[in-house]
Each structure stands twice: as structure tokens, then as C-alpha cells.
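User: Hi! Could you walk me through this one? I'd like the overall layout and then some packing details.

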Amino acid sequence: MRIVVCVKTNLDLQMVRIRGREPVLEAVPYKVGDLEKNALEAALKLKEGGLEATIVAVTVAEGDRKIGETLKEALAIGADEAVVVNDPALAATDQAAVAAALAGAIGHTGGADLVLCGEGSTDGYSGIVGSRVAELLGVPQLGYARSVTVTDGAVTAERSLDDQIETLRAPLPALVSVVSEINEPRIPGLMQIMKAGKKPLTELTLADLGIDPQAAGRQTTVLSDLAEEQDRKHIMIEGDAAEQAAGLVDALAKEGVLRR
Amino acid sequence: MADMLIYSESPAAACELAAGGRRLATELGLGLSAAALGPDAAATASDLGACGADRVFVADDPALADLPTDVVAEALAQIAGQGEAECFLLGSTRRGKELAGRLAQKLDAGAVTDVTSLSVEDGALVGARYSLGGATVAEVRIDTPVKVFAVMPKVFDVAQAEAGAGEVVRVGLSLAPSGVELVGRAAREGEAVDLEAAPLIVGAGRGFAAREDLDLARDLAAALEAELACTKSLADFEWLPEDRIVGLSGAKTSPDLYVGVGISGQVQHTVGVSRAKTIVAVNTDKEAPIFRLADYGIVGDLYEVVPALIEALKSR
């Protein structure tokens with residue numbers, strides 16, 4: 001069977017800084033997102049558990065970004081092959097066009113029995129691309145899985161909802177999105193990294209998928225994107241530990257936030 | 001008249017959406033309708049009217065019994081056709097977000113999830129949501145003819161609700177059974193803690209070197225009569241349960257006092273803290289970003305500062 005893992009190239013949020021109220025994104029590197037690593041790990045666990053499967057990492061890129069590095073990381077972690085829809089028209093787009101490109105790439109490269117993705121990307125975190133892909137592929141979806149098993153042509157997932165744990169089962173093909181607690185993603189070793197360069201990598205454009213780049217525009221407009229204004233006192237309490245502790249307790253008592 | 005249509009699987013969230021949607025719909029010149037789906041639909045319909053809906057579409061088709069996402073999306077798409085809905089307000093729960101994507105895709109609609117406030121600007125709805133892991137707040141407008149907003153719990157105040165006409169409309173839908181089978185449901189295990197309602201919180205981060213050292217944080221929380229919370233990384237280490245996470249992947253708190261101990265202050269955490277009235281930070285690194293958010297900062301070793309703090313609190 002073919003397991004497709006949707007991999008987004010995320011901004012490394014650890015490197016995002018705020019200047020004034022503006023986010024500084026220049027020179028912020030991209031990397032395989034954390035939740036995507038969980039999805040990849042889930043695919044690898046299924047395969048190591050005895051499921052005969054080819055694992056395909058699929059991603060989208062906007063033409064010029066060093067996407068090869070991301071896919072190499074996915075291949076090093078354990079994907080067998082990688083597919084990228086690399087098209088300048090995807091530079092200024094949002095979730096619907098990304099989902100269309102992912103679903104198109106899946107259809108174009110042999111389909112999928114199981115699609116795995118993260119519950120959201122660590123940077124954008126809309127959490128809706130997986131749903132859109134499932135709808136486009138016309139397959140059932142099992143979102144927010146904290147466990148996933150495949151038996152007898154069906155996938156079972158225990159999903160972690162706000163107030164409940166729900167166990168769902170669906171016949172394949174199906175889409176499963178995973179939450180971070182599903183597993184601890186492995187870190188590839190040097191040998192895996194060396195081998196990754198030799199694995200097959202397919203590059204496609206939107207035209208290859210029969211998608212009109214004109215139709216890949218944004219559905220939403222971001223009017224502003226600024227850090228929240230914070231009005232804080234910024235009082236640093238100096239001294240040794242005992243003096244600092246006494247100073248803080250005094251200050252908190254004056255704030256009226258202590259219970260006794 | 002075109003409608004704003006609200007839906008959530010949670011009756012409480014649906015009422016909040018109706019209460020908030022009422023005001024926005026009026027401002028936009030839209031009617032406000034609601035969808036009540038599933039076995040309890042008829043029972044919740046009148047509540048939705050009382051919370052603000054002029055029309056409540058009721059459907060209890062057997063395919064809706066467990067409210068599976070694919071069938072709910074199809075039901076709402078069909079109701080949208082009958083009710084001329086051009087704007088959806090859904091609840092931004094996990095179910096709601098899953099639904100938002102599926103419904104938006106069916107309707108060629110743009111969607112914005114995790115909305116923390118909604119306003120009308122130049123005749124269009126604009127939703128605010130945290131962006132870049134919570135470092136920023138993005139104001140987003142949807143440009144498609146049909147729009148889907150998934151709104152976080154408690155954004156709208158149900159106490160502000162004004163009743164709508166509440167006309168109940170039974171709709172006949174054509175729904176195929178879900179592709180997903182519900183095998184079972186269980187309550188979340190583990191101690192349930194409601195950090196979002198907690199008035200005082202002590203947050204622990206990676207400054208704690210070992211699991212057993214968290215007893216210090218527990219003792220500080222006890223001395224303050226505060227709830228104990230943590231960053232995602234401590235929950236990832238399984239030092240504390242997931243329901244103690246504050247931040248992007250956990251609780252968005254608004255306590256009177258937040259004391260962050262051994263927390264560097266990555267935005268993924270501070271997004272859950274920034275609405276606290278008073279913020280205290282204890283960290284060895286004076287450059288740690290948490291100090292930019294702090295009202296009171298202590299640069300020091302938590303293993304010295306926290307015992308001293310507990311002592312000072314006890315001797316008050």
C-alpha cells in the first residue's frame with residue numbers, strides 16, 4: 001500500500017523575533033514541521049509493525065525555496081520517495097490552493113491508501129488543510145489521532161478531542177491527522193542522511209496536475225500581522241535570593257493578587 | 001435576505017455564537033440562522049432562538065446520529081443552499097476546525113480558524129487569530145462569496161444575548177452515511193484541571209533539571225494557592241500531564257497572577273500567558289524573552305529563588 005505523508009516546510013518559529021511589533025522573518029530558516037515529523041514517524045511505525053507500505057512524502061513549494069533540503073530531511077527520517085509541487089503560483093496563496101496541489105500530487109503519483117498529516121502546521125496552524133485534502137480526495141478523515149493502526153483494509157484511530165477521546169474506524173483509503181503525543185519522532189543518523197540523496201524525488205508544477213495557476217490565488221487577505229501590544233511594568237527585583245523573594249512578595253501584596 | 005449561519009456540536013458554544021453573531025449579522029445586514037443537528041436537535045432549537053437566531057434549521061437524519069464530520073459538513077452545505085447562508089460561524093473546537101476545512105472545501109469558501117475576535121470593517125467581517133505560533137495577531141478578511149469562520153470558545157458573551165425570532169424550520173436533507181464508524185467515546189482520563197479559569201498560576205519550564213525538582217514548583221503553587229502549569233516541553237517529557245500545558249497547544253489563560261519559573265518565554269508558551277493581569281518571571285538568563293512580558297522579573301537560579309519565595313510567602 002501507499003502511505004502519503006503531507007509535509008509542510010514550516011518557518012522555524014524558534015528563530016522568529018519581534019522588532020517593535022513587527023515579526024522579523026528575514027533569515028528565518030525553514031524546516032520540516034514538528035507535527036509533520038510525528039506524521040512521518042506514525043507512517044514508519046506502521047511499516048515497522050509489519051504493514052507492507054511505500055511511504056511517500058509530499059510537499060508544496062513556491063519555486064525558489066531550497067525545498068530539496070526539507071524533502072531530504074523527510075527522506076532521511078524514512079520516507080521512501082518524495083514528491084514536490086514546486087510552482088511560483090504557490091508563493092502568494094493559502095490553504096485551499098495548497099490542498100488542491102497536495103490532492104493533485106497524490107492523484108498524479110499513484111494515489112494513496114492512507115494519507116497522514118499533522119493536525120496543523122506549527123507556523124500557520126489553521127488546521128484545515130488536511131480536511132480540505134480529505135474532501136478533495138473524497139475520503140473519510142480521522143482527525144487529531146493519538147494512535148493509529150491499520151488492519152484488514154481499515155484504519156482505526158484514537159483521537160484526542162477537547163473534552164473526549166473518541167475511537168474511529170474507516171475503510172481505506174482515508175486521511176488521518178495526528179497530534180504530537182502520538183509518538184516521539186526519530187532523529188535520522190548519518191547513514192540515513194547519506195542515503196536520502198539517492199531516493200527518488202519527483203518535481204511537479206501546477207500545470208502538470210491540470211491546475212490553473214491563476215486559480216491558485218488567495219481566498220483570504222491578511223490586513224495586518226503584528227505582535228500584541230503589551231503594557232507591562234518591567235520591574236527587575238535585585239538582590240540575593242532572599243531579598244528578591246521578599247521584594248516580590250511585597251510587590252504582589254501591593255498588587256492585591258495574593259490570596260493571603 | 002442572505003444569512004449568517006451558526007453551528008457548533010456544543011450547545012453552549014452554539015449559544016455563544018448566536019449571541020455574538022446577532023450583533024455582527026445586524027451590522028452586516030444579514031439574517032441570523034442556526035443549525036441544530038443530530039438526535040438532540042429539536043431540544044436545542046429553542047435555546048438557539050433565545051440566544052439570537054431568527055431561524056433554526058433542524059435536522060435529525062439518522063446519518064447525523066454521531067455527528068460525523070463528513071456528514072455534518074454535507075448537511076450544513078445543503079442547509080446553506082436552502083437558507084442562502086453566505087457566512088458561517090462555527091466553534092473552533094477540534095471537531096469544529098475539522099468541520100471548517102471540510103465545509104469550506106465543499107463551498108469553495110475561504111476559512112479562518114481559531115478566531116479570537118470578530119469585527120466588521122468596511123462592510124466585511126475581519127477575524128483576528130494568533131499567527132506565527134502566537135508571536136503575532138493576524139487580522140484576516142475572507143474574500144470568497146461564502147465565508148467560514150471558526151471562533152474560539154468564550155469570544156462572545158452569552159449573557160449579552162438578545163432573542164431572535166426563533167422560527168424552527170425542519171429541513172429534509174439527502175445524506176449518505178458517514179465513511180467513518182464511531183467505535184467508542186470516553187472521557188479524557190487524568191486529573192481535569194481548568195487552567196483557563198484559574199485565578200493564580202505557577203508555570204514551570206525547562207529550567208527545572210529533573211522531574212522530581214517539580215516538587216519545588218508544586219510547593220510554590222501551594223504557597224500561592226495557585227494551579228500548577230507547564231510549557232509543552234515538560235508535558236512532552238511526561239513530567240506533567242497534557243492538561244497542564246499553557247500556550248499554543250494548551251490553555252490560553254487569563255489569571256490575575258502568572259508566575260513563570262524556568263521559562264524562557266518562547267511565543268508558543270507566552271500566547272497562553274499574555275492575557276494575565278500580572279506576570280512574574282524567574283529565570284537565570286537576563287536576556288530571556290519572558291522578561292519582556294514581565295511586570296516583575298527576578299534574574300536568578302530558581303533552585304535558590306523558589307525556596308526563598310516559598311519561605312517569604314509562608315512567613316507572611
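Analyst: Happy to. Domain bounds here come from an automatic or database domain assignment. On that basis, the C-alpha centres of domain 1 and domain 2 of chain B lie 35 Å apart. This is a predicted model, where local features need pLDDT of at least 70, side-chain atom pairs count only at pLDDT 80 or more, and totals for chains, interfaces and linings use all residues. Residues are numbered from 1 along each chain as its sequence is written, with chains lettered from A and ligands numbered from 1 in the order in which they are written.

User: Which residues does each domain of chain B cover?

Analyst: Domain 1 is 3-170 and domain 2 is 195-314.

User: How many residues do chain B and chain A bring to their contact?

Analyst: Chain B brings 70 residues and chain A brings 66, where contact means C-beta atoms, placed from the backbone, within 7 Å.

User: And which helix of chain B gives the most there?

Analyst: Helix α4 (residues 94-106) of chain B, with ten residues. Helices are DSSP runs of H or I, at least four residues, and strands are runs of E, at least two, numbered from the N terminus.

User: New topic: how do α3(A) and α4(A) cross?

Analyst: The axes of helix α3 (residues 95-108) and helix α4 (residues 129-137) of chain A come within 9 Å and cross at roughly 50 degrees. Axes are lines fitted to C-alpha atoms, for helices over the stretch in contact, and angles run from 0 to 180 degrees between N-to-C directions.

User: Which residues of α3(A) and α4(A) meet?

Analyst: Among them are L102(A) and I106(A) from α3(A), and V133(A) and L136(A) from α4(A).

Definitions and conventions. Two residues are in contact if their C-beta atoms, placed from the backbone, lie within 7 Å.
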